[in-house]
Amino acid sequence: MEKTTNIKMGKHDTLRMASIHDFGKNDQNGNGSGTGAGAGSSAVVSVTQAPSKSNGQGQDDGEIDLLVNYNELAKKGHFSEALFRDAQIMQVLSVLASKKKPNAILTGDSGVGKTQIVEEIARRLVNDDPIVNSMLKGITLYELPLGKIVSGSSFVGQLEEKIYQVIDFAQNPKNKAIIFIDEIHQIMGSESNPTYNKLAQILKPALGRGHLRVIGATTTQEAVTFLSDPAFSRRWSDVQVPELSPEQTAEIVLNIRDAFQKHHNVILPDNVIEHAVAIGDEFKQYGSHRPDSTITLIDKAMADARIKRVKLKEEAKVNPHLQHIIAAQPRPIVGVKQLKQSALSLLTGDEKMFEQNADLLENALDDRIIGQETAKTAVIDAVKRLGLRLTKRKRPVSFLFAGPSGTGKTEIAKQITEAVFGSKERMVYINMSEFSNPASMTRIIGSSAGYVGSDSKQELPFDTLENNPYQVVLLDEFEKAHTEVQRFFMQALDEGVVKTNRNKEIDFSRTIIIATTNAGVIDMSKRSLGFVQEEAPKRSNEDIIRILQSSFDTELLNRFEKLIAFTPIQKEDYTKILAVKYNQLIEEAQANRKDLLFAPSHIDIDQAVSNDKLCELAEQSYTPASNGRPAERTIREYIENTILDNPNATQFDLL
């Protein structure tokens, strides 16, 4: 129970009771931060204080409410065994046994199990582990949640009182306490939130004396900022916590499986566990690591299976035949399909399964793309290889489509999106002509700290990849972007990851990046390269690189997996494109205007060159420089003009 204490304060104590957010500000009279006390006056302030008050000699009247007793939690069975962490535990014990700087900081990627190492030490303490007890006999591990320190501390004095109370308690030899601070990087604070920074300044001298033993945990990325202060970093000994291997993760899952099966009343077979680890790796969020990524997936898959069983029981009330399914399998079994659906749901918010459908892509390209046989073959081959999934991809699949405007580069990108990811909506389209100067980089990665817009919450183009990394990224008219913008994508193509100025990492490894360019069109049309011959020969990457070197850095071109040259459209192919556009527009028009009847409803593309009307339209609209781009406009205007010329008609014979 808390008690209220009256503290009499003089003019020199005024600032200690200042609001943390107003610290350092002066009122109009030059006093502290507005307590109302003038020079030489005193004020009586009522403050709330924890039940155990420091007497200056250390804490001696029991535990304090700010701390969480890990030993008690371990006795109650709240902590599971941490496997494969003996080496890290021994390192922590070695640091804690040091005479000077007995403070260990656990660093590693998120999800590798840093906190569980501390929990395991507490578990071994209460289970009388001979090694841990020989080093830490009689010790109690306490967690200090930073939120408890800051919560309710609207004045600097209250914040200081709490942290000094914890320090006095932990330094008292009678209490035999070790303090654990999770997410310890927060105590360094920031310019926008200086509250936690106060904790670091108070802890710094206590850590240096060696009377206070602390274990901290933070991610590798955050540790860089945390240890940037030399005076603070030298008080810590770093203990690296590596990510566990797939085999170790599988054994951990096997160890905790019974608890999860009991909680969900669902069965996870032995032969599914290895699949769970592999699926967890394939579909995990960027920045997640084993074993947490796998455990989270299994928990989600079991919960999903449990919900499906509840729905099945409800349906069985009106459909007795379903009772046989329930009777045959009283407890649902989690299979590979359920794991994949749950993994996709965690990653994209949609559990719809998608497969790299090369056959679907091949049919779509045959129906919609006329000519460009070399380009179509290369794209279909790449999608087939992607569907093999022999290894985990660390780089995106990448294409550079080079050729004249109107030859089908963007249309192929749309078909890839639908065939590989199941929907044309799964595309991030970037018009690179909008990024023609170096300052436009801020529209991709945000402004640097301290510059205008650095604190903006406006969505960046690739933020959508955070929610769903399985998308096509289309960089249209790539040659028009500034060189610095082009080089930004060099890292994405090479490493699969790019860091923004907002300290976020964009994961491109599961995307398909397609850049289109009109650069080198004139050189590509020269007879020496075969573009004006009746049958254009295949062009190697080296040929295309040589042509494009005047517009792009060679090292950038080498980052693309496939460089594909698109050939100009001949009049015969243009006539077939008119047929393709006719079929698409008639299907859409018939759906929108059911009161009208159009004939023919479909035309065979191979027979297009024998259709007099299409040949006439081709003769009127085809220009070599425009290639296939005027085709849709030509067909649309022809259909609309036919209707306008016969406003009272309901049937139209178009071709």
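Mentor: Helix α24 (residues 571-592) packs against helix α26 (residues 630-645) at an angle of about 55°, and their axes lie 9 Å apart. This is a predicted model: local features need pLDDT of at least 70, side-chain atom pairs count only at pLDDT 80 or more, and totals for chains, interfaces and linings use all residues. Residues are numbered from 1 along each chain as its sequence is written, and side-chain values use heavy atoms, with hydrogens and water left out.

Trainee: What makes α24 oblique to α26?

Mentor: Angles under 35 degrees count as roughly parallel, over 145 as roughly antiparallel, 65 to 115 as roughly perpendicular, and the rest as oblique. The angle here is about 55°, so α24 is oblique to α26. Their crossing is right-handed.

Trainee: Which residues make the contact?

Mentor: From α24 come Tyr-574, Ile-577, Leu-578, Lys-581, Tyr-582, Leu-585 and Ile-586. From α26 come Pro-630, Ala-631, Glu-632, Thr-634, Ile-635, Arg-636 and Ile-639. Contact means heavy atoms within 4.5 Å. By class, the contact has 10 nonpolar, one polar and three charged residues.

Trainee: What meets Asp-270, Ile-273, Val-277 and Asp-281 in α11?

Mentor: Pro-246, Thr-249, Ala-250, Val-253, Leu-254 and Arg-257 in α10 do. By class, this contact has six nonpolar, one polar and three charged residues.

Trainee: How do you know whether Gln-261 is buried or exposed?

Mentor: Buried means under 20% relative accessible area, exposed over 50%, partly exposed in between. Gln-261 has 12%, so Gln-261 is buried. Gln-261 is found in helix α10. Not counting residues up to four places away in sequence, Gln-261 touches Val-266, Ile-267, Leu-268, Met-302 and Arg-331.

Trainee: What has the most contacts inside the largest nonpolar core?

Mentor: Phe-399, Ile-416, Ile-512 and Ile-514 do, in a core of 50 residues. Helix α16 (residues 373-388) gives the largest share of this core, seven residues. A nonpolar core joins buried Ala, Val, Leu, Ile, Met, Phe, Trp, Tyr and Cys residues through side-chain atoms within 4.5 Å.

Trainee: What is Ile-514 in contact with?

Mentor: Leaving aside neighbours within four places in sequence, Ile-514 is in contact with Phe-399, Phe-401, Ala-413, Ile-416, Val-472, Val-473, Leu-474 and Leu-475. A second, separate core has 36 residues, including Met-432, Ala-515, Ile-544 and Leu-557.

How values were computed
Buried < 20%, exposed > 50% of the residue type's maximum accessible area, 1.4 Å probe, protein only. Helix = DSSP H or I, 4+ residues; strand = E, 2+ residues; numbered from the N terminus. Axes fitted to C-alpha atoms, helices over the stretch in contact; angles between N-to-C directions. Left-handed = near helix turned anticlockwise from the far one by under 90°. Nonpolar A, V, L, I, M, F, W, Y, C, P; charged D, E, K, R; others polar.
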